[in-house]
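Hi,

Here is the structure I promised to pass along.

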Amino acid sequence: MIMRRLLIFALAAAACWGVPGAHAADKLRVVATTTDLKALTEAVGGNLVEVDALARGSQNPHDLEVRPSLMIKVRRADLLVMNGLELDMWAEVVVQGANNPKVIPGAPGRVDVSEGIAVLEVPTTRVDRSMGDVHPVGNPHYTGDPGLVPIMTANILEGLARLSPGSRPTFERNREEFVRRVDQAMSGWKQKLEPFRGAKIVQYHPDFVYLFARFGLVKAGAIEDRPGIPPTPDHLVRLIATMKQDRVRLVVVEPWNDIKLAERIAQEAGAKVRTLAPGVGSVKEADTYLDMIDYNVRSVAEALQ
Ligand SMILES: [Zn+2]
């Protein structure tokens, strides 16, 4: 009887150890604050990770409501992947409630994907967050630029390899493959937007400055006077005048913006409105990271045609 039990145990153990990395128990449990970071982490981690995002694609990641369900996700995490640049500061409240020492500030189970990114729109004067400005240390929406994929995925790779050093070669292979796919798509995106180099575009919230900078498009202003702050009537009058003077033909919005307001402004200035995808899963055409970039590039090119 004992022999038989041992045999069953041995068979079960062999089944578990037979296929390294294939069992849920072996996988690194990763929580990313946004769907973009989830997609990039999955690209590097492959089947060695199980990734959950705290903000859904349909939610504005600037002001996520902290719920107990988010704390439960973080409680089980080995690694927390964050955007940084104060986009996802709410995640610190989640971490405090999660009581998981692996992912507290300074612990090895932390990745700040913004490390090494050349930050755009860093304020030249001191910005007081209490005034409502949500970009006090510069523009945090860098994940929208596919040209930054090598840096972003390198940061994620270091975090994963820190926790699972034996899997580093696999993470490196996965990352190289993903970077290669992005490079391939990049030449098509550049071709599509090349005819519109220098085109001026107004944004509702400055969510696409990194994308625009990559492809030579010019940010001509924003409906929000300051990031995260509803516009004043004076600002809108000035914006419409500038749009007419600069012949701005396109206003881009996020799905959660006041689209009616954007349409009124565009109509007065003789421009079109297009909803772009500020994150993976934010519109139905943006299911994956590559699809999101593709959708944004296509939407801008079609609108400026
Ligand atoms: Zn923002």
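Strand S1, residues 28-32, pairs with S2 in the parallel sense, and five bridges join them. Within S2, Glu50 is the residue that stands opposite Arg29. Please keep in mind that this is a predicted model.

These two strands belong to an open sheet of four, with parallel pairing and the order S2-S1-S3-S4. On average, neighbouring strands here are turned by 20° against each other, with direction ignored.

Helix H2 (residues 35-45) packs on this sheet and touches S1, S2 and strand S3 (79-82). The direction of H2 makes about 175° with that of S2.

In general, nonpolar side chains of soluble globular proteins tend to be buried together. In this model, the largest nonpolar core has 59 residues, and the members that touch the most others are Val81, Met152, Leu160, Leu217, Tyr289 and Val300. Which helix gives the most to this core? That is helix H10 (residues 289-304), with ten residues.

Leaving aside residues up to four places away in sequence, Met152 touches Leu40, Val113, Ile117, Tyr142, Thr143, Asp145 and Tyr289.

There is also a second, separate core of 18 residues, with Ala220, Ile223, Leu261 and Val273 among them.

Methods
Residues numbered from 1 in each chain as written. Predicted model: local features only at pLDDT ≥ 70, side-chain atom pairs only at ≥ 80, totals over all residues. Heavy atoms only, no water. Pairing = 2+ DSSP bridges. Axes fitted to C-alpha atoms, helices over the stretch in contact; angles between N-to-C directions. Contact = heavy atoms within 4.5 Å. Core = buried A, V, L, I, M, F, W, Y, C linked by side-chain atoms within 4.5 Å. Buried < 20%, exposed > 50% of the residue type's maximum accessible area, 1.4 Å probe, protein only.
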